[in-house]
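This briefing looks at aromatic rings and how they are arranged. How is a pair of aromatic rings described? It is described by the distance of the centres and the angle of the planes.

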Amino acid sequence: MPGEETDGDLARRAAAGDRAAFATLAERHYDRVYALAWRWSGARAEAQDIAQDAMVKIATAMNGFRNDCAFTSWVYRIAYTTAVDHIRARRRVVALEPARISALADGADNETPENDMIGQELWRAVRALPDQQRDAVLLVYAQDLSHGEAAALMGCSEKTVSWHLHEARKRLRIILEAV
Amino acid sequence: MVEPDLIRLKDTPVPPAGDDAKRAALAAATAAFEKSAPGAKGSTAPQRLSHASSPTEGKKKMRQTFQFNRALAASIAALMIGAPAAFMLSRTYAPGGGGSTSNLSGGPISPPAEVAVAPHMEAPAAVPPAPAPSAPVAREERAKSTTAAGALGGRVDGVAPPPRLAGSVQDGVRQKLSRSAHDAKSVAAVETGASPPVDRHVAPESEFRDRFDSKEINSVKVAATEPVSTFSIDVDTASYAFARRALNDGRLPPKDSVRVEEFVNYFPYDYPKPESAQAAFKPTITVTPSPWNPGNRLVHIAIQGYALQSAERPRANLVFLIDVSGSMSPQDRLPLVKNALRMLVDELKPEDTVAVVTYASGSGVALEPTKIADKSKILGAIDALGAGGSTAGGQGIQDAYRLAESNFDASAVNRVILSTDGDFNVGVSDQSELKGLIERKREKGVFLSILGVGQGNYNDALMQTLAQNGNGAAVYVDNLNEARKALIEEASSTLFPIAKDVKIQVEWNPARVSEYRLIGYETRALRREDFNNDKMDAGDVGSGHRVTAMYEITPANSEKKLVDELRYGKQKAPAVGQASAESEFGFLKLRYKLPKEGASRLITQPITDQQSMESLARAPQDVRFSIAVAAFAQLLKGAPYLGGYGYDDVIALAQSAKGDDPFGYRAEFVNLARLAKSARP
């Protein structure tokens with residue numbers, strides 16, 4: 001992007017305590033963090049919560065950023081871990097599938113498009129997968145990472161990711177064919 | 001066919017974040033940045049995340065490492081920037097996929113409530129407090145280590161966990177119920193490495209995310225073998241407001257969410273009043289024919305609490321603890337709470353104080369304790385509240401109690417009022433600590449009330465437990481009218497207790513009554529010996545509150561008994577002392593403590609023929625209306641005792657007893673009964 005500072009430069013300054021640089025970065029990356037949060041949680045209000053949490057974490061960890069990887073990837077990783085942790089924390093209390101129920105709950109504000117979204121069934125099925133299968137599917141298919149990249153984020157081997165995907169596809173196929 | 005579908009996942013549009021949410025997130029991030037910037041604070045530890053706001057600590061080892069190889073980083077970065085194009089995904093299968101997913105899991109599909117049912121009948125009997133094992137379990141859960149699955153595994157088999165605290169048995173039971181349900185869930189949710197868990201299920205289509213503990217409906221008891229019935233009073237009304245919301249949406253409320261006593265106690269009744277604050281209660285008993293069971297009779301027990309006059313009303317030291325997380329942004333949540341607070345501020349006296357604490361990603365004091373005399377400052381603080389962030393209730397409640405204590409006044413009412421859409425994000429393991437905290441504060445004189453809003457996330461069981469442990473009521477508010485009722489009309493009863501640990505015990509006379517059934521109060525059952533035990537915590541009653549309880553009784557010698565008499569060893573009726581009087585159905589005892597006293601007081605009254613009405617039509621209007629409400633709640637709950645009595649009968653009875661109804665509560669009730677006829681389950 002010509003005329004704009006790169007993430008790298010901004011991140012270096014932010015890590016050194018430059019408030020304006022951080023504000024620019026935060027503004028620039030919020031939407032992506034939120035999009036990831038939505039893909040994992042499936043509910044707008046919850047995605048907003050996760051995104052805010054992730055932004056706070058990013059801010060808190062900013063001065064630990066060493067610029068030895070792209071800032072975007074660093075943000076991405078925090079967003080991913082925040083989303084997964086959030087969903088786990090929630091699931092320890094509610095084991096119900098959240099997406100459609102949140103959509104139902106948020107009906108009052110009438111601005112929750114996921115209710116009408118075509119393809120909701122697929123999201124629902126994917127989010128109902130076991131955690132690691134879900135993460136593998138979302139990372140590889142929704143976020144379009146390679147198996148190796150997904151493995152690095154998930155903290156397991158590439159083979160395990162492939163296995164999770166295999167299991168996930170098997171499960172999803174049974175769902176589809178059962179209908 | 002799966003593969004092409006999955007490929008489309010990345011092209012599905014993401015519903016945009018709200019501007020408010022984005023602004024709030026960026027503001028929170030900036031604030032956090034400033035707090036942790038090197039200039040502001042000299043900490044240079046690389047692992048900042050360990051003290052980040054999320055309550056979910058203990059990430060996996062891999063996730064704590066924020067450094068990874070550059071090639072990978074670059075490709076991920078590239079992918080993140082590629083914005084997904086809008087793309088419509090064709091529907092490849094019909095709705096109902098959720099249901100079949102459940103079948104996939106192989107295990108039985110049980111709604112969360114059922115987990116709780118099994119242990120509850122036995123639980124009150126004798127559970128010695130065993131706090132020791134709880135700590136390691138809690139730690140384990142917090143650590144979310146994969147071994148947690150093993151540690152908790154045993155619980156799934158219906159073995160209730162030990163009570164967390166040596167609290168009252170009633171509390172212990174409630175807590176255990178919710179814990180056993182939660183534990184089962186958490187086990188289902190814990191990932192165990194590479195092996196795919198089998199026990200995962202998707203909720204049925206109609207399931208609510210709101211959580212309710214289930215209790216079995218009170219059964220019919222035989223007066224000869226079990227003549228004594230004991231329960232704690234309950235002045236909560238959340239169940240009714242919740243059902244109203246579901247019905248207005250065209251749905252029947254979940255059966256477990258219906259508590260008959262909360263329906264009945266929702267309505268204001270004009271019962272005879274006690275004369276002074278010393279005799280805090282006046283019971284009025286009416287015996288009428290049962291409208292749904294001609295041979296039976298209903299014993300209607302109305303208890304009116306003394307209403308403090310404004311001059312006698314103690315000063316109030318209130319701290320509002322307000323959930324401002326992102327999920328609170330819809331109109332019926334934070335904006336509603338703010339309006340309710342504005343109304344309340346108008347009602348309070350100048351020397352009362354109000355403080356406001358918010359909680360979301362972090363917790364913050366929005367307003368230090370401020371006298372109502374400085375109204376504009378309070379209103380300004382309320383106006384400035386905005387939703388955004390995720391919930392971290394634990395810190396918030398600590399802050400709220402700290403303020404309440406800093407401004408503590410032994411002669412005042414010191415109360416924290418928690419307003420939330422439900423999730424108190426402290427994690428299951430911390431719920432017991434939270435409950436312990438609330439109990440300790442209660443002993444010190446700071447009480448807790450809960451104002452619940454929103455639907456979909458509402459954690460009824462937790463809110464009930466918290467409010468009960470904090471000597472407070474849980475009120476569910478779904479519109480401003482309801483908020484006015486809860487906070488203004490009943491402000492004095494919500495805020496100013498006239499009695500605590502109020503228990504009721506009825507002894508039935510087997511000579512007159514063969515069977516009886518307490519209608520509702522399932523969650524409030526006490527053991528017989530708990531009645532005289534002043535250590536036993538029970539419900540609290542605020543100024544002017546009234547409580548109604550009803551029994552359905554089958555008179556002795558009735559043909560319609562549900563339980564046959566024993567053929568052998570005809571039981572002799574236990575000696576009822578000198579009061580074996582033929583004229584008494586039973587004997588009512590009411591025990592309560594004045595707010596600042598430790599020893600209980602007793603009120604007694606016989607249930608006699610004098611209170612008996614020949615027909616329901618001759619019973620007072622309020623009695624008839626409350627019976628209609630009880631019938632309605634039992635229908636919604638699916639209770640099996642109503643025979644052919646239906647919604648039309650409820651409507652007819654309620655219509656005949658509407659009376660003045662200045663605020664339209666009773667008319668609204670009739671409408672709800674009409675809606676229930678056509679609501680889908």
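**Aromatic rings in the predicted model**

Over all chains the count comes to 25 aromatic pairs, where rings of Phe, Tyr and Trp (its six-membered ring) pair if their centres lie within 6.5 Å, and where planes under 30 degrees apart count as stacked, over 60 as edge-to-face and the rest as tilted. This is a predicted model, in which local features need pLDDT of at least 70 and side-chain atom pairs count only at pLDDT 80 or more, while totals for chains, interfaces and linings use all residues. Residues are numbered from 1 along each chain as its sequence is written, chains are lettered from A in the order in which they are written, and side-chain values use heavy atoms, with hydrogens and water left out.

**Two pairs**

- B:Phe267 and B:Phe625 form an edge-to-face pair, 5.0 Å centre to centre with 80 degrees between the planes.
- This pair links distant parts of the chain, 358 residues apart, with B:Phe267 in the loop between α11 (260–266) and β3 (281–289) of chain B and B:Phe625 in helix α19 (residues 621–637) of chain B; helices (H or I, at least four residues) and strands (E, at least two) are DSSP runs, numbered from the N terminus.
- The pair of B:Tyr269 and B:Tyr271 is stacked, because the ring centres are 5.3 Å apart and the planes are at 20 degrees.

**Burial**

- Both B:Phe267 and B:Phe625 are buried, a term for under 20% relative accessible area, with exposed meaning over 50% and partly exposed in between (1.4 Å probe, protein chains only).
- B:Tyr269 is buried at a relative accessible area of 6%, and B:Tyr271 is buried at 5%.

**Cluster**

- One aromatic cluster includes B:Phe267, B:Phe625, B:Tyr240 and B:Phe669.
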